[in-house]
Amino acid sequence: MMAAVIGKFSSSSPSLRCRMALNSYVDTSRFMAFCTTTSTSSSPSVTEQSAGPLLLYKSMVRQGALQYDPQQERVATNLQDLLGQLHQYDKNMQKYCATQGEWERRRKQLRQELLMEEAESKQQGGLWKIVNNQGGSLITKLLSRKKNERAEPGTGRMVSYLKREKKLDSLVGPRPVAPPPPKGLYLYGNVGCGKTMLMDMFYNATEGVVKHRYRLHFHAAMLDVHDRMHKIWKHQSTEKSLHARISGWIANLPVEGTVKEWLAAQERYEQELHLENILPIVADSLLDIGDDNHEAGATILCFDEIQAVDVFTVVALSGIMTRLLNRGTVLVATSNRPPGDLNQDGMQKEIFTKFIAKLEQNCRSVLVGCQTDYRRVLAYTNFDKEHFFWPLDSQSRSKFERRWHDFTSQLGGLITPTTIPVMFGRLFEVPESCNGVARFTFNQLCGLPVGAADYIAIAQNYHTIFIEDIPTMSMRISDKARRFITLVDELYNHHCCLICTAASSIDDLFLGADEGTLFDLESFQFETEIEETKLRRDVLSPGDVAPVASTNEDRASIQSLISGREEMFAFRRAVSRLIQMQTPGYLQGVRHHPRFQRLV
């Protein structure tokens, strides 16, 4: 049904379809699933895929699915070497995690005992009594123990806390030392050079090698960080009952309520000290590697498109990635620029400099140096003219309407407005939707104060997006252009089909001259628009995104954030992705969108 609409280019031979999918840099796992259903003779075998990125890369080149590039082969070799080191590292990490788990449990037990001893030393006039004298229990032994020394003098909770921690260090010993991790890889280079494809080859090959493996994209990861911070702060600000505040081990003690209150106050103080730096907590929850997960083993993080676009991302990226690297996470990342060029505007320079030093200590920076945009190479011979209609004339609109009719008819024809959930508890209105297909005007998506959270929600809920009346963008509508670039990123990352009408060709889409050509196209990311000439950073403040930047002063504030080099990368990436999204190989991959799968 829908396959007949999206898959109208599937009439070519299976081997040709496989080459299209690979050359267009569809995620390798999607490509393998696609080839499994189309051809078994020309696709790389499961053994080749699991054996590692180098063998898979050579197989694709040998079959003609990829054009040979020595830079890509060099990177695939580096990734293959890293894969070979993960087997032993995972074993070492499993032993370390077990040892650290026992160390944490012992320290927690002794901390509770020390708290009880301190509570006993503070008792006056029979204030603290055992309600149920159960012989042989830990509490009975502690409270019956004769003390020759008086309580340690102190000036407050901080002094007591520090003395307690020092004593724990002497009783439990130092924290176990983690085994040295193999150096990860930081891949950087021009758009369309194959960074993400190579990283995905590596990621797919780690299945079965390490248990804990994660793949994150910058936009979604930063939004997730926002959401987790929001929930932690909200949890802190919520008033709770005394019973809810007290830990289970305290609540079950057979002692008076005054004793429990004191013990609970000491624990809350320790928790508040830890919460003063929220980023390590967010980092642990992001990859589910908290102290209770003692069988974790090695952790692999593949992080696509690392950027430093504003103060929040600089601080969040620094704190979270430093924490993960300190905990032994092996990082494979991609970016358009080397580490030293990520923060060219010097935002929070001291913090970011320390992060870069940690990154370079734990990762090798590897340039994917090919200058060819392979998405563009493929598009010269395999370009679908039935998805991007221009200019904005009656003929283009007629073709666009016909495509909309074809899609919706295949899906039953019931077109309704709806709302979809967005991060931070918001809802987004969809004016026209039909079983995984949605239709918008350009202004509905890019002319209103929306951002990456909304675009992610759209991309997750709809496999095919229709957008009409995309203008040629210039400085006059620079805010809309930034939103459009973020929208393209998310539709591409979620492998959605885009069908649209536009005022100009893809190559000319960002070259409008009204009030000047566009600059700083990458400065708009996930709710970072101008609000009274200041960037919003507080996700707890009312509303979710700022109003549209509409004055020259607003635009000047945006432009001051980043350099002309950012403009070049963002512009080229958006154009490259829009071109790839029109190719048959990419369109075949839409079949693997989760929303599409529900229909088949």
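**Reading the helices and the sheet of a predicted model**

Modeller: Helix H9 (residues 195–205) is mostly covered, with 10 of its 11 residues buried. The model under discussion is a predicted one.

Colleague: Which residues of H9 are buried?

Modeller: The buried residues of H9 are Lys195, Met197, Leu198, Met199, Asp200, Met201, Phe202, Tyr203, Asn204 and Ala205. Each is called buried because its relative accessible area falls under 20%.

Colleague: How much of the chain counts as buried?

Modeller: Of the 600 residues of the chain, 54% count as buried. The secondary structure comprises 25 helices and 13 strands. Among contacts between residues at least 6 apart in sequence, 81% join residues at least 24 apart.

Colleague: What is the strand order of the open sheet, and is its pairing parallel or antiparallel?

Modeller: Its 5 strands follow the order S2-S3-S4-S1-S5, and the pairing is parallel. Neighbouring strands of this sheet are turned by 10° against each other on average, direction ignored.

Colleague: Why are S2 and S5 said to stand at the edges?

Modeller: Strand S2 (212–217) and strand S5 (363–368) each have a single partner strand, so one side of each lacks a neighbour in the sheet.

Colleague: What makes S1 and S4 a pair?

Modeller: Strand S1 (residues 184–189) and strand S4 (residues 330–335) are joined in the parallel sense over 4 bridges. Pairing requires at least two bridges, so the 4 found here qualify S1 and S4 as a pair. Tyr188 stands opposite Ser335 in S4. S3 and S4 also pair in the parallel sense over 4 bridges, and there Ile300 stands opposite Val330 in S4.

Colleague: What makes S4 mostly covered, and which residues lie on its two faces?

Modeller: In S4, 6 of its 6 residues are buried. Val330, Val332 and Thr334 lie on one side, and Leu331, Ala333 and Ser335 on the other; all are buried, and both faces are therefore described as covered.

Colleague: Which helix lies across S3 and S4?

Modeller: Helix H15 (residues 311–326) lies across strand S3 (299–304) and S4, running at about 150° to S3. H15 also packs against helix H14 (residues 278–286) at an angle of about 60°, with their axes 8 Å apart. The crossing of H14 and H15 is right-handed. The contact joins Leu279, Pro280, Val282, Ala283, Asp284 and Leu286 of H14 to Val315, Ala316, Gly319, Ile320, Arg323 and Leu324 of H15. By class, this contact of H14 with H15 has 9 nonpolar, 1 polar and 2 charged residues.

Colleague: Which residues make the contact of H6 with H8?

Modeller: From H6 come Trp103, Arg106, Arg107, Leu110, Arg111, Leu114, Leu115, Glu117 and Glu118, and from H8 come Ser160, Arg164, Glu165, Lys167, Leu168, Asp169, Leu171 and Val172. By class, the contact has 7 nonpolar, 1 polar and 9 charged residues.

Colleague: How do the axes of H20 and H21 lie, and what is the handedness of their crossing?

Modeller: The axes of helix H20 (residues 452–461) and helix H21 (residues 478–493) come within 9 Å and cross at roughly 35°. Their crossing is right-handed. The contact is made by Ala452, Tyr455, Ile456 and Ala459 of H20 and by Arg483, Thr486, Leu487, Glu490 and Leu491 of H21. These residues divide into 6 nonpolar, 1 polar and 2 charged.

Colleague: How do you know that S7 and S8 are paired, and in which sense?

Modeller: Strand S7 (residues 416–422) and strand S8 (residues 426–434) share 6 bridges in the antiparallel sense. Since at least two bridges are required, S7 and S8 count as paired. Ile420 stands opposite Phe428 in S8.

Colleague: What do S7 and S8 form, and which residue in the turn has a positive phi?

Modeller: S7 and S8 form a hairpin with 3 residues between them, and Phe424 in the turn has a positive phi of about 65°.

Methods:
Residues numbered from 1 in each chain as written. Predicted model: local features only at pLDDT ≥ 70, side-chain atom pairs only at ≥ 80, totals over all residues. Heavy atoms only, no water. Contact = heavy atoms within 4.5 Å. Nonpolar A, V, L, I, M, F, W, Y, C, P; charged D, E, K, R; others polar. Axes fitted to C-alpha atoms, helices over the stretch in contact; angles between N-to-C directions. Buried < 20%, exposed > 50% of the residue type's maximum accessible area, 1.4 Å probe, protein only. Left-handed = near helix turned anticlockwise from the far one by under 90°.
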